[in-house]
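Visitor: Hi, could you walk me through this one? I'd like to look at the model while we talk.

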Amino acid sequence: MMAAAMLVGCAPKNEGAVQEKSFMDLARARFAVREYSQQPVEQAKIDSILEAGRLAPTAKNIQPQHVYVLQSEEAIAKINELTRCAYHAPVVFLVCYDTTLVWTKDGENSGNMDCSIVGTQMMLEATELGLGTCWVKWFDAAEVAAAFELPANHKPAFIMPCGYAAEGVQPHANHFSRKPLSETVTYK
Ligand SMILES: Cc1cc2nc3c(=O)[nH]c(=O)nc-3n(C[C@H](O)[C@H](O)[C@H](O)COP(=O)(O)O)c2cc1C
């Protein structure tokens, strides 16, 4: 029993028993970062974040997402003009879905849902890599699409600033407020 507990704590990643523990650690460690250092994000880390998104499940496995990586000086300046919530991060992921591909049922399409799963996986991978992120919906999708000359079928779902947190950044007080499961879960 003791040996098993030690193994769980020490086993390398991706080995059965340790997976849940390390996922929960990540879920607990993540918080919305709204102040960034200008230290560039390594391409290998960007690649890994994009790969985590690529592995996400989507409705019917259609994979309607399209991720724009904003990182040029011009693109970063532009997104900061369009929203106050890009927070001058060195990288901003603009996550869109292709309106011609999304799965549609009863008048609703899966685009936002698919992108949210992609984004969540990206966010947690960024956390694992020591990077901060913030999920951002505070922008005008039509304005962003026009400014970045997106194809008409690419609809922005959200943006995600990403980078190393500025020194001393702490989670907002909000972060520590989570409802108890008794308020949000019902067993039937
Ligand atoms: C769908 C969604 C939209 C959000 N939009 C914004 C936003 O526009 N600007 C912002 O600063 N934070 C935004 N957030 C971040 C939330 O405010 C934040 O995740 C929440 O307060 C919990 O704090 P935590 O992430 O530090 O745990 C958004 C989060 C989600 C999930």
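Guide: Happy to. One term before we start: two strands pair if DSSP finds at least two bridges between them. Helices (H or I, at least four residues) and strands (E, at least two) are themselves DSSP runs, numbered from the N terminus. This is a predicted model, where local features need pLDDT of at least 70 and side-chain atom pairs count only at pLDDT 80 or more, while totals for chains, interfaces and linings use all residues. Residues are numbered from 1 along each chain as its sequence is written.

Visitor: Thanks. Which residue stands opposite Leu94 in strand 2?

Guide: That is Tyr68. Strand 1 (residues 65–70) and strand 2 pair in the antiparallel sense, over 6 bridges. His66 also has a bridge partner in strand 2, namely Cys96.

Visitor: And what holds strands together in a sheet, in general?

Guide: Backbone hydrogen bonds, in either a parallel or an antiparallel arrangement.

Visitor: How many bridges join strand 2 to strand 6?

Guide: There are 8, and strand 2 and strand 6 (residues 154–163) run antiparallel. Tyr97, for instance, stands opposite Lys155 in strand 6.

Visitor: So what is the order of the strands in the open sheet?

Guide: The order is 1-2-6-5, 4 strands with antiparallel pairing. Strand 1 and strand 5 (132–133) are the edge strands, each pairing on one side only. Strand 5 is joined to strand 6 by 2 bridges, and Gly132 stands opposite Gly163 in strand 6.

Visitor: Is strand 2 enclosed or open to the outside?

Guide: Strand 2 (residues 91–98) is largely enclosed by the rest of the structure, because 7 of its 8 residues are buried. Here a residue is buried if 20 or more other C-beta atoms lie within 10 Å of its own, exposed if 12 or fewer, and partly exposed in between, with C-beta atoms placed from the backbone. Strand 6 is mostly covered as well, with 8 of its 10 residues buried.

Visitor: What about the protein as a whole, how much is buried?

Guide: Of its 188 residues, 27% count as buried. The secondary structure comes to 7 helices and 6 strands, in the pattern α-α-α-β-α-β-β-β-α-β-α-β-α along the sequence.

Visitor: Which residues of helix 5 are buried?

Guide: Among them are Gly111, Asp114, Cys115, Val118, Gly119 and Met122. Just after helix 5, Gly130 takes a positive phi of about 85°.

Visitor: And how does helix 4 lie?

Guide: Helix 4 (residues 73–82) lies across strand 1, strand 2 and strand 6, running at about 105° to strand 1. Ile76 is found in helix 4, and counts as partly exposed because it has 18 C-beta neighbours inside 10 Å.

Visitor: What is Ile76 in contact with?

Guide: Leaving aside neighbours within four places in sequence, Ile76 is in contact with Leu70, Gln71 and Val92. Ile76 and Val92 are 16 residues apart along the chain, and their C-alpha atoms are separated by 7.4 Å.

Visitor: New topic: which residues are closest to the ligand?

Guide: Phe31, Ala32, Trp135, Trp138 and His175 are the closest of the 13 residues that surround the ligand. A residue counts as near a molecule or strand if its C-beta atom, placed from the backbone, lies within 6 Å of it.

Visitor: Last one. Where is Asp106, and is it buried or exposed?

Guide: Asp106 is in the loop between strand 3 (104–105) and strand 4 (108–109). Asp106 is exposed, with 4 other C-beta atoms within 10 Å. Its phi is positive, about 50°, although Asp106 is not a glycine. Glu149 also has a positive phi, near 50°, and sits in the loop between helix 6 (141–147) and strand 6. With 6 other C-beta atoms within 10 Å, Glu149 is exposed.

Terms used
Two residues are in contact if their C-beta atoms, placed from the backbone, lie within 7 Å. Axes are lines fitted to C-alpha atoms, for helices over the stretch in contact, and angles run from 0 to 180 degrees between N-to-C directions.
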